[in-house]
Structure formats: C-alpha cells, structure tokens
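Try each task before reading its solution.

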Amino acid sequence: MVARSDDMKTRRFVLKVGSAAVVTAAGLAVAGTASAKVPQKGVQYVAVSTKPKSNCGNCANFVKPNACKQVDGVISPQGYCMIWSPAPK
Ligand code: SF4
C-alpha cells in the first residue's frame, strides 16, 4: 500500500513538472516571436519619408519587397523611421 502511495506521488510530480515545462516552452515561443521586432510606432515609422536621401528602400534593415528586419508589419520602400541606417553599397 505504501508503494502505491509513493507511486501516485511520483506520478503527480512528473505531471506537474511536465506541465510546467510545456507552459514555459509555449511562453518562450510566444515571447520570442512577439519581441523579435519593434512596433512601427515605437520607432516613429512613416510610410512616406520626409528625408530626401533616406528611406526604407536604401536602409540596411529593409527586406524586399515590403518588410524590415527590425520593425514589425508591412514596410513601404518609400517609408522611414528613426533607426534608419544606410545600406552597404
Ligand atoms: S527605415 Fe530601415 S529600420 Fe526603419 S522601417 Fe525602414 S527599413 Fe526598417
């Protein structure tokens, strides 16, 4: 009888640890995808640049046709934000 009780405690422990591991892994996966890029408002992104020689199309972070390595969402090649940096020539 004692052995069965110990067995049940072990099963509960394994279930608790396993459940915690699954929840932690899911949380890390969500956090990883959510924090990968910054929101457009956070870097003052605008769809049309007011800087004559600086726009997303000539930024090091721009990914054709309409994305950015650093900023979330659809990015226009004519756009601009405060973390613009020149693309290597
Ligand atoms: S200026 Fe550069 S960093 Fe900013 S949104 Fe455009 S491509 Fe991304």
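**Exercise 1: the ligand shell**

Sort the residues of the shell around the ligand into nonpolar, polar and charged.

Solution. The shell divides into twelve nonpolar residues, three polar ones and no charged ones. For the sorting, Ala, Val, Leu, Ile, Met, Phe, Trp, Tyr, Cys and Pro count as nonpolar, Asp, Glu, Lys and Arg as charged, and the others, Gly among them, as polar. Next, pick out the nearest: of the 15 residues around the ligand, these are Cys56, Cys59, Asn61, Cys68 and Cys81. "Around" here asks for a C-beta atom, placed from the backbone, within 6 Å of the molecule.

Before going on, keep in mind that this is a predicted model, where local features need pLDDT of at least 70, side-chain atom pairs count only at pLDDT 80 or more, and totals for chains, interfaces and linings use all residues. Numbering starts from 1 along each chain as its sequence is written.

**Exercise 2: Gln44**

Solution. Start with its place: Gln44 sits in the loop between α1 (2-34) and β1 (helices are DSSP runs of H or I, at least four residues, strands runs of E, at least two, numbered from the N terminus). Finally, check the backbone: though not a glycine, Gln44 has a positive phi of about 55 degrees.

**Exercise 3: a cis peptide**

Which residues does a cis peptide bond join?

Solution. Lys64 and Pro65, with omega about 5 degrees. Pro65 belongs to the loop between β1 (62-63) and β2 (67-68).
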